[in-house]
Amino acid sequence: MGRVSHQDATQPAAEATTIAAAIPDDALRTEYQDLIDQIRTHRAAYYNDDAPLISDAEFDVLYSRLELIEAQHPEIVANDSPTQEVGGEVSAAFAPVEHLSRMYSLEDVFSLDEVTAWGEKTAANAALRAAGHPLKWLCEVKIDGLAVNLLYRNGKLVRAATRGDGTTGEDVTHNVLTIRSIPTQLDGENWPEEVEVRGEIFIPSADFADYNQRLIAAGKAPLANPRNAAAGSIRQKDPAETAKRPLKMFVHGFGVREGLSAATQSETYDLMASWGLPVSPYSQVVDTLDEVLGFIEANGTHRHDLLHEIDGIVIKTDSFEIQRNLGFTSRVPRWAVAYKYPPEEVNTKLLDIQVQVGRTGRVTPFGMMEPVLVAGSTVERATLHNQDVVKAKGVLIGDTVILRKAGDVIPEIVGPVLALRDGTERAFIMPTHCPSCGQPLAPAKEGDVDIRCLNAESCPVQLTERVSHLGGRGAFDIEALGYEAAQALTVGPGENPEQNGGAIAPAGPGPITSESQIFDLATGNPDSTLRETLAEVQVWREIRTKGEGTGKFALAPYFYSKATAKKPSGPTITTKKLFDELEKAKTKPLWRVLVGLSIRHVGPTASRSLATKYGSMDAIIAALDAEGAREALAEVDGVGVIIADALIEWFSVPWHQDIISAWANAGVLMRDEQDESIIKYLEGLSIVVTGTLPTYSRDAAKEAIIIRGGKAVGSVSKNTAYVVAGEAAGSKLDKAISLGVQVLDEEGFVLLLEGGPEAVAGRPNPEA
């Protein structure tokens, strides 16, 4: 999900005809903002939570649509558009660490014709830019794992970090040290004094299957798939837990490598192997594009015979000289590409279509199927998005359907196998009342495709979802407050699932009836009545034993108190841990509070901008009450009209206001400490940061601009005041020069921050 493209190579071309080149209307602007919100949500789920919500292929379609709109309407490009970034954000659960050199994503292609077109273009450019250097192609399997950067100094492993946004990753050194295949001290000789080694951490397919069998035998839930299992293992807060997972790593390149004399990348693989680093056995240097296509075909045929899961093939120019001459765009190298294999498909029986309710009340149908093995894991349910999608796909309950595990991650019902219908199938009828609270379902506003439960305050499932959300990494980041904990807090044990078709029907209400009460549980609050009730909370748990596929259900405590209850077998959450973490969460930054409120469309980006602009919840509320609030909010960097409307609507609801009051009364800090000495030197100025700066991460540079009153925008135009250009600045630097926009290096950027425009007036552009 790094660099994305279309699911079907012909699709964007077909879609291009549907967007007029004229001024975009409100519907297109709304679609554009919704795409940004969706992509940010899915990136966070993929990179930070290791729990993707949609398939890679579905994500590719969203991203391609976003790129298409921006290409045809550059005047509406948002400064926080995902197209301006390499990949995911850095999780707050681990310390941020800046890579010595940027970790780029790869451009994805999805057809052999696209591989050929890319290869011919690259070959032509290579011939022009690196005459005399032989062009050979290095082909490698694309491991479906987690990208990691290893830093060795004097041959000793001193740091390991995830890719993050390409510039800043997460420090996972202690967890990586538990992986036996990664040497802590390099063997051999001639390694650089300082070298960054890039590679992919994964779980071998056979080890993954064995590990899951052991989990099932122990009555625990199996891991979903190797990729998410590897990423989740590296992000364990306890290295001892990481050590239990069968993790391995293959290295495939360098970042900083001063003094390395190899002429080709394939030579460095031999060199890395001599140092004791684990190198993939699945790579080959070839002379022609026909041989590249043959490598793709051969590995596609035998992809499940390999040591690990793969989702494609990476093709690179082997010569470092050619790589240097071809260079990079703002996000990807021009000398490499990733071919993604088509999603795998199987047939299975659609047993039923049910619905689930989300935290904003959206009601989503999903298919329940006969369990089937696809792309290495067993699948029995798949989303159907909304009732219009069900109709569009033409599926009936009882159909044999085509199930695609797109991108080897999230299953998707493609459509029915019409020839296998026997007349017993029946149509899905969208419920008219909420399955959780029984209230009528309706669109939130006229024209909405989705229907919602509008009983947000009292709907048990929505409350559970909101409580789970506020405990998530993107909000308050409370480890002890996951979904199952939220469910135990908000609903009772429900009916016995064995007597209820395998579904756990919530009984409700639970110990808390509103998220306004959540911080009453914090350790520092004197009223312990609510806390004391948690020793009695029980939920139904599914217990699987070896050889029993359906499992058994048992009523067992989820929370327990060491003082009043014996610890049950299986996973639990101690009340003390939950209470302590809630107490710590009360001092989290304002932007996390805003995310935790579950305001529609308001994610981390908009929340950070609002927190920077206003500094406190009181100031935000005052701004909402002021004349022209909608227009003023829409002008805030990263907000816009849609989010402004969502904020105004949310804060106008009395029970929403009660949540803020209750949290504040419980001690939640509703403000950020701001340095009043910072002068607003950049008031009203639009500034673009591009490339890799020596000491500033992309986020840090943007924050420095925002707190001085400037706008950190993502695209260069005639209205741009400055372009701050680091290493590999790419096309934005070229455009700035063509438009006569002043360009600053990091030294000039620091002068601008400290003294404003006067400090850099007349300063020449840095040499290329």
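Local features need pLDDT of at least 70 and side-chain atom pairs count only at pLDDT 80 or more, while totals for chains, interfaces and linings use all residues. Residues are numbered from 1 along each chain as its sequence is written, and side-chain values use heavy atoms, leaving out hydrogens and water.

**Exercise 1. Find where confidence in the protein chain is lowest and highest.**

Step 1: Start with the average pLDDT (the predictor's confidence in each residue, from 0 to 100), which is 81 for the protein chain. A score of at least 70 is reached by 82% of the residues.

Step 2: Go through the elements, taking helices as DSSP runs of H or I with at least four residues and strands as E runs of at least two, numbered from the N terminus. Helix α1 (residues 11–16) has the lowest mean, 33, and helix α22 (residues 654–665) the highest, 96.

Step 3: Check residues 562–571, where pLDDT stays under 50. Where pLDDT is low, predicted coordinates should not be read in detail.

**Exercise 2. Work out which residues of helix α9 are buried, and on which side.**

Step 1: Apply the cut-off for buried, under 20% relative accessible area with a 1.4 Å probe, protein chains only. In α9 (residues 265–274), this picks out Gln 265, Ser 266, Thr 268, Tyr 269 and Met 272.

Step 2: Look down the axis, using directions from the axis to the C-beta atoms. These residues cover an arc of only 150 degrees, so they lie on the same side of α9.

**Exercise 3. Name elements that cover the buried residues of α9.**

Solution: Among them are β3 (137–143), β8 (248–254) and α11 (320–326).

Conventions
Contact means heavy atoms within 4.5 Å. Buried means under 20% relative accessible area, exposed over 50%, partly exposed in between (1.4 Å probe, protein chains only).
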